[in-house]
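Hello,

Here is the structure I said I would pass on. Please look it over first; my notes follow below.

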Protein chains: 2
Amino acid sequence: MLKIKTTNSLVTPLLTDKYQLTMAYAYWKSEKQNQDAVFDLFFRKNPFKGEFTVFGGLDEVIKFLHNFKFQQDDIDYLKTTMPNCEQGFFDYLLSLDVSKVKLFAIDHGTICFPKIPLVRVQGPLAVVQLLETPLLNLINYPSLMATNAARFKLASGPKVTLLEFGCRRAQGPDGAISASKYSFVGGFDATSHVEAGKLFGIPIQGTHAHSFVSSYMDFSDIKNPTLKDSKGEKEVNFVEFTLEARKETGYLNTNDSELAAFIGYALSFPDGFLALVDTYDTLLSGVPNFLTVAYSLHKLGYKSVGIRLDSGDLAELSKQSRKINDINEPAIHKLNANNHEINVFGIGTHLVTCQAQPALGCVFKLVEIDGVPRIKLSNELIKITIPGKKEAYRLFGKDNQPLLDVLVKTDSEQIPKVGERFLCRDPAIESKRMVVTPSKVVPLHSCYWDGKQVKDVPSLAETRKFVLQQLENINPVHLDLLKPKQYPVTLSDELYHFLHDLWLKEQPPIELK
Amino acid sequence: MLKIKTTNSLVTPLLTDKYQLTMAYAYWKSEKQNQDAVFDLFFRKNPFKGEFTVFGGLDEVIKFLHNFKFQQDDIDYLKTTMPNCEQGFFDYLLSLDVSKVKLFAIDHGTICFPKIPLVRVQGPLAVVQLLETPLLNLINYPSLMATNAARFKLASGPKVTLLEFGCRRAQGPDGAISASKYSFVGGFDATSHVEAGKLFGIPIQGTHAHSFVSSYMDFSDIKNPTLKDSKGEKEVNFVEFTLEARKETGYLNTNDSELAAFIGYALSFPDGFLALVDTYDTLLSGVPNFLTVAYSLHKLGYKSVGIRLDSGDLAELSKQSRKINDINEPAIHKLNANNHEINVFGIGTHLVTCQAQPALGCVFKLVEIDGVPRIKLSNELIKITIPGKKEAYRLFGKDNQPLLDVLVKTDSEQIPKVGERFLCRDPAIESKRMVVTPSKVVPLHSCYWDGKQVKDVPSLAETRKFVLQQLENINPVHLDLLKPKQYPVTLSDELYHFLHDLWLKEQPPIELK
């Protein structure tokens, strides 16, 4: 069984809203706590005005189930906040575990769509009720983050390297961990966040900041100027060597303290030299100083990586920086072979805070109790829940692309099969029906927990690979970032009637008097 | 010394960006690691298009300093990611602590303004550099959150109770903890989040959810219908009692399963009954059922709190709900004395994600090294840092309201004094000068850490009280939510010249050839 690493010690049963506990008490008082309940966790609308979502957070959900247990000090605290509740209830809470809980989920990293349950939980009513808030917390942001990352990936194309730099702007330490983790799942290549690298094996990257550059005052700041060439044969005083190279590049009127900082950094990391060029003046000092040091390293057999721009008009500055690079001096010419293009994006705030839409609206709804289907009605049609236990299938067309998802009643005989025509219905619009003869049928849900963990959650790297594969395979019209086409989520004919019959039953016609 | 509770085990020195470590290595290689460095942590712009910010996160910063220590397994991991670095560097990292670090800060909960350092850190260059990312992480979101909460408080007025309900939409478990904690600091009254209540003593509140209502099928679901009256004298079958009361209220055609759920909840919490009324139909079922149960409880001497609306047009529904309530039947009339107005707001997503602006842009800039002032230039005037060590003073007018903040060089003799005229200058606009004769002068910074903690951070409740006091005392023009007036942040004449001289020195005039 795969070991899932803990991210957080705070994931206790108290990671919850108080109303889960007041409800649990009312269930217990009514002796309803052990009724067999089924809840669906799903969302109603894709984020970022898009038409897809990447499912994230299943790893932490399973980890949470492993750790679900009230401790004595939790109970002691709860007693102070629910002073009129009976002692028997607190004894009951202390005894709770998830040994009677079943959790079905779609696979981690699945590209998913509204209404399809991401997770279905079955078990004693009060216990499953207590799982609501933690499950939503552990799935909402990770799914939002993975989706946001996947959208950056789609926007930047396969050749660009994407780095997540959001640690300082995330919601606390664990917000930052989640951001790094699920942006990797969604397709990012690396993070700047060291703890995330240590915990999850995500590649980490980083160079230097403005403060590094401004901490150097002149060349005397460099106490150990010796550098060997890349073959380890020749040894030079790299400060003197670079000042000689500077005469060749001709960039003599740049900021000396910045050049000293670049030399200091190059001495520590001669391979893959990368400089932040906008501390003083990007075009008059930063880029020329970079080129001088890069040329100097080049003469010693080291390859440089490029420049980093943090501020200003990035598009314009990058164009101008390339122009300097294009100056056809012999020294610079050699560098061009190294292909100095801006080919890495480091994204911070907008990525981790999901600025365009900072929350995904997953909900957790009761769909069945003691075998009886339940429905939450609403005047807003989009908010009606689909009652009862359901399975989801993804049906593929001839080109092996997903055509649609269909929800089917659990244990129904009406399930889609390869090569057979299957009627799929829009949940709300009676006339909207599609007949599909699938070339492949993939059941989306499987059981991950049945009293104990019964299926592994793949590693983050595997999950990331799965996401990228799906992004390649889903019809691009659904992934379009600006004008996406809705992916069909449908019901079997049987489920359609089941839903509509129950809906009518619960909303009796208006009686005319 | 006040004990500060841990929120999170992840707050280790690895809560950082990799470039802090690559820089630390380059400092170490250049033997610059022990240079005496001074960094300012500040923001350049208030969030939410407002003109004030509430400083949050100092408690966690101090906690972080207490725990700052690289562990052997951190080092083992770092070696794998920086394979070409010398062993001596890793030995150095392992030996690091913050015993030579001084941290000055404005008090926790201070209403603060751009450019004024929230925190000033002084110590060995490499150590202070390593504090950058954690300090930003621990201050950015808490300050943003506290500010957002204070804005909700200003918007809703002093009479309304504000509840934070955002646990399920926050950035992971710790994002949720931070959201609860700093929304309390910013003026919220309670949270739904149980763990935050347990950790920090924040009041917690909660009732029930839609799933609770839909889990009841009929009155037979209630196994223990006995309820004593509020004096403990009379005992009734509360199901039968309520069905009798229902005849008096006349609300006979409501949803029975919903009424059963309300009865079930009232049996558990007869005092302070509060019902979620929009599971089936707010006006035709939810509100009438609430009134029936509330009336029934009223007859037994219990007071009810009110209804909760979760969906739909809240303004319209609340008006309509009051109308029902106003129906002048004798039974309902008695209830009116209990003042059924919507007087509590529970706010979730928009609060915790800070939807209007999901990140505060605090930065951490080197301002002095080995006693030499440093400056980060920029083509954007707003991005220039103010060099050197500085103190901030808040100057008050005759009515005891703050007039402006002024930054002064540390150890300067030019400091503002009560009753004496003091010249304050706009940092950028030469002609913009103000002369103030303060009735009170409050130094904003004090030392919290000098190798060890030297000043307590007040409790959250005290900090919250301090925030609310300031919101009362600051000129409302600066707190206006829509069209606020900028609060002046100024420099002493001496600091103004110091900044401008250094700026000109670092940007030599263009040489005409």
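**Notes on the interface**

Start with Arg168(B), in the loop of chain B that runs between strand S6 (161-164) and helix H6 (172-185). Keep in mind that the model is predicted.

Is Arg168(B) buried or exposed? Its relative accessibility is 13%. The cut-off for buried is under 20%, so Arg168(B) counts as buried.

What does Arg168(B) touch, leaving aside its neighbours within four places in sequence? The partners are in chain A: Asp17(A), Tyr19(A), Gln20(A), Glu132(A), Thr133(A), Leu136(A), Asn137(A) and Asn140(A).

Two of those partners, Tyr19(A) and Gln20(A), bring us to helix H1 of chain A, residues 18-29. Look at how H1(A) sits against helix H10 of chain B, residues 256-268. Their axes come within 9 Å. They cross at roughly 100 degrees. Angles of 65 to 115 degrees count as roughly perpendicular, so that is how H1(A) and H10(B) lie to each other.

Which residues meet there? From H1(A) come Thr22(A), Tyr25(A), Ala26(A) and Lys29(A). From H10(B) come Gly264(B), Tyr265(B), Leu267(B) and Ser268(B). The contact is made up of four nonpolar residues, three polar and one charged.

Now the two chains as a whole.

Best wishes

Technical notes. Residues numbered from 1 in each chain as written. Chains lettered and ligands numbered in written order. Predicted model: local features only at pLDDT ≥ 70, side-chain atom pairs only at ≥ 80, totals over all residues. Heavy atoms only, no water. Helix = DSSP H or I, 4+ residues; strand = E, 2+ residues; numbered from the N terminus. Buried < 20%, exposed > 50% of the residue type's maximum accessible area, 1.4 Å probe, protein only. Contact = heavy atoms within 4.5 Å. Axes fitted to C-alpha atoms, helices over the stretch in contact; angles between N-to-C directions. Parallel < 35°, antiparallel > 145°, perpendicular 65-115°, else oblique. Nonpolar A, V, L, I, M, F, W, Y, C, P; charged D, E, K, R; others polar.
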